[in-house]
Amino acid sequence: MGNRTLVEAEVGHELAMIREQARKMLQDLAPAEHVKEVMAAPGSFDLALWQAAADLGWPLLAAPESLGGMGYGMRGLAVLAEELGRAAVSLPLIPAYVCLSTIESCTAAPAALGTAVEKIASGEATVCLAFAEPGEAGLPRAPGVEISASQVSGIKAMTAFAAVADFAVVSAQSEGNAVLVLVELDQPGVERRALDSVDQGRGAAELVFRDAEATLLPAANAQESLRQIGALAVLATAYEQLGGAEAAMHMARDYAQERVAFGQAIGRFQGVKHKIADMYWRVELARGCALDAVGQFELGDVNWMMLAAAARLASIEAYEFSAAENVHLHGGLGTTWEGNPQIHYRRSRALALELGSRYYW
């Protein structure tokens, strides 16, 4: 066995331990009834759970070593994202990883970013990705927010974690050219508008900037950087959707084994068996797409963004199908807020629309 294989085996063992630890913590701190409480009001966010995750070093896990992180990268983030999806919990780990990766790749990151980087990497501060434009279905070529003399003005459509984040990575334009900026959200020039949505538990809000101070993130090609950021975000989100899809499938399977109709468990009926089998192959197809994309991303293959788009499409399909069929299988109970299937149905809809719909990708 070569040195590379030994290192990969060790990393795999460490990540398996991290997965086990994460699953146990989420089972203890985020049971279904608690998740439903968090989903109950616009702009909700589980701050106590985020603090527990930060204490365990979750934000540092995927962060680049050059910025003080542990350097597990996308593979480490995928492990945590999948467990978050399984528990239907929302924590801003993906925006933190994308933000730090973007700053690391900057041609010459401003010294002013030092404090923000330290806070985001440690979990002391949170960040969101504000790319969506009102009325747009994807990542626009010409952002509506404008920057002039280090100040930004404009509106960003509802963005996950914007209601609670300390910073935002914002796509903007300067003299007709796309740029990326980091904006501290706790300042007079920023207004957060939390709106009603199908999933209230992601701390989502619309952002309005009025001459807000911003720090430019210098990049050789900001438009290309925006595409890469979007691909990174949807690839990590694919694992979150995978975790949720698998959890919905298991919920449906368990109910089918327990629910009795006409003197036998409904899981014995062919129509029910086929639905659960359809959930299974969709989950496994999405997993294969996501694994391919992560592998090519780590190798630096130029096709990784295309594979990330495929993972995005497959994971949307897997989660939406599994969540919806889980609701149907539970019958009347599945359509009520008292029933747990609603958790994954709502989350599947939110994740399908954030970062651009399936049609965009």
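Me: How much space lies in the largest cavity?

Reply: Rolling a probe the size of a water molecule over the atoms shows where empty space is left. A cavity is a set of points, on a 1 Å grid over the protein atoms alone, where a 1.4 Å probe fits but cannot get out. Points are joined across faces, edges and corners, and the volume is the space filled by probe spheres set on them. Here, the largest cavity holds about 90 Å³. This is a predicted model, where local features need pLDDT of at least 70, side-chain atom pairs count only at pLDDT 80 or more, and totals for chains, interfaces and linings use all residues. Residues are numbered from 1 along each chain as its sequence is written, and side-chain values use heavy atoms, leaving out hydrogens and water.

Me: Which helix gives the most to the lining of the largest cavity?

Reply: Lining residues have an atom within 4 Å of a point, and helices are DSSP runs (H or I, at least four residues) numbered from the N terminus. Helix H2 (residues 32-38) gives the most, with three residues. Among the lining residues are His-34, Asp-46 and Arg-347.

Me: What is the volume of the second largest cavity, and which residues line it?

Reply: Its volume is about 50 Å³. The lining is Trp-58, Pro-59, Ala-62, Leu-77, Leu-80, Leu-93, Ala-96 and Tyr-97. Helix H4 (58-62), helix H5 (73-87) and helix H6 (93-104) each supply at least two of the lining residues.

Conventions
1 Å grid on protein atoms, 1.4 Å probe; cavity = no way out; pocket = protein on both sides within 12 Å on 5 of 7 lines; lining within 4 Å.
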